[in-house]
Amino acid sequence: MFYRSVGQVPPKRHTQFRKPDGGLYYEELMGEEGFSSDSSLLYHEGVPSAIVDSRIWELPDARTVANHPLKPLHLKPHELFPGKDWKAFDVVTGRRLLLGNGDVRIAYVAAGESSPLYRNAIGDECVYIEDGEATLETMFGLLQVRKGDYAIIPRATVHRWVPTGDGPLRAYVIEANSHITPPKRYLSRFGQFLEHSPYCERDLTAPAEPFVTAGTDVEVYTKHRGHGPSGLVGSIVTYPTHPFDVVGWDGCLYPYTFNVDDFEPITGRIHQPPPVHQVFEGYNFVICNFVPRKVDYHPLAVPVPYYHSNVDSDEVMFYCGGDYEARKGSGIGQGSITLHPGGHSHGPQPAAIERALGKDYFDELAVMVDTFRPLEIGEAGQQSDDGAYAWSWSGRGPAG
């Protein structure tokens, strides 16, 4: 990302920077890809390496099973948190795994409680807010998040989710084993957003001032690599002083938010392919959003998608607003998630094609993840599967 400087930093990096009492602040470089990519320098009041305890954190169930026999799926994650159950959960320990592979995991949570301090030491997280409001407290400062926000949280950032609304904070969580960035084709070789990009630097919100908090023997729930399910394990690491002791930082690596309402859709006379909807990318996956937009204006245009076999990808669609035209008649509703696996030709419900002819605007909102390795099904995916979606195009299943 582009360079930012927040709070107090010395005029020259890696030089003495002293506190009012004469002691030194402790400089930490947080950087990607072995000192060869983006980084930031953070200035701590305490020693960032100091710990006084570490014990096992039993992670939420991360086991997966293969999508075999091969079927498209319709998941209903709202049913995982019925009634007022959301009040007892937080965004970190309450998230439940829907789908995953060796590159990315997709989870869902409805939360009402504040989370513990949390650090994902495996990869970046992209958290899409389906509904609700929260304060995202981080070692870089505060971010206010709201409905429609993507929160991009770099690997190893200590942070905490604090819901602030009256209703549930509904979060669609994309956990990468890599970094999550804007698509390279949107950026110049120096990292500036180009003119054809559907969003730019002005649309991104980053922490504006330090958030310094006092504390002793502070626990941080840490997810890291190990021999657990999906290669994940957890530890609760205790620090003698609070990790939110950063008086200033500068650099190009930090958490930020982007609201889906600020995505400017790219349209054409005939149907445009999904890459025009792309918003972020990670290793072996991309993230796209389908937003309300004017649609195809050729006089003989077919506005809904053509049937397609994207043979290298599994496609996951999260329907989070409006009325998704191509899925009418399939049982898809607000909060639905579909998996269209590689090897299955997918597209609109048959009746939706004729019904869409002549339309010039779609009021729909969906977040799509395309993965380049097959996805397996997590415990929450198995529990929330409607069991009937695969037969919705033909109108009948194996029972006839």
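1. Residue classes first: Ala, Val, Leu, Ile, Met, Phe, Trp, Tyr, Cys and Pro count as nonpolar, Asp, Glu, Lys and Arg as charged, and the others, Gly among them, as polar. By that scheme, the lining of the largest cavity has 6 nonpolar, no polar and 6 charged residues. Note that this is a predicted model.

2. The largest cavity has a volume of about 140 Å³. Strand S7 (96-100) and strand S8 (104-111) are the elements that give two or more residues to its lining. Among the lining residues are Arg 95, Arg 96, Arg 105, Asp 61, Glu 175 and Lys 223. Leu 59, Pro 60 and Leu 232 also line the largest cavity.

3. How many cavities of 30 Å³ or more are there? The count comes to 3. The second largest cavity has a volume of about 90 Å³. Its lining has 4 nonpolar, 5 polar and 3 charged residues. The lining includes His 271, Gln 272, His 277, Arg 293, Lys 294, Asp 296 and Phe 362.

4. The "binding site" annotation, from an unreviewed UniProt entry, covers Tyr 324 and His 346. Both Tyr 324 and His 346 are included in the lining of the second largest pocket.

5. His 346 sits in the loop between strand S25 (337-340) and helix H1 (350-356). Is His 346 buried or exposed? His 346 has a relative accessible area of 4%, so it is buried, the cut-off being under 20%.

6. Beyond residues up to four places away in sequence, His 346 touches Tyr 306, Tyr 307, His 308, Glu 315 and His 340. With Glu 315 there is a side-chain to side-chain polar contact at 3.1 Å.

Definitions and conventions:
Residues numbered from 1 in each chain as written. Predicted model: local features only at pLDDT ≥ 70, side-chain atom pairs only at ≥ 80, totals over all residues. Heavy atoms only, no water. UniProt positions renumbered as here; feature names shortened; annotations may be inferred. 1 Å grid on protein atoms, 1.4 Å probe; cavity = no way out; pocket = protein on both sides within 12 Å on 5 of 7 lines; lining within 4 Å. Helix = DSSP H or I, 4+ residues; strand = E, 2+ residues; numbered from the N terminus. Buried < 20%, exposed > 50% of the residue type's maximum accessible area, 1.4 Å probe, protein only. Contact = heavy atoms within 4.5 Å. Polar contact = N/O pair within 3.5 Å; in protein donor to acceptor, adjacent residues only side chain to side chain. Points joined across faces, edges and corners; volume = space filled by probe spheres on them.
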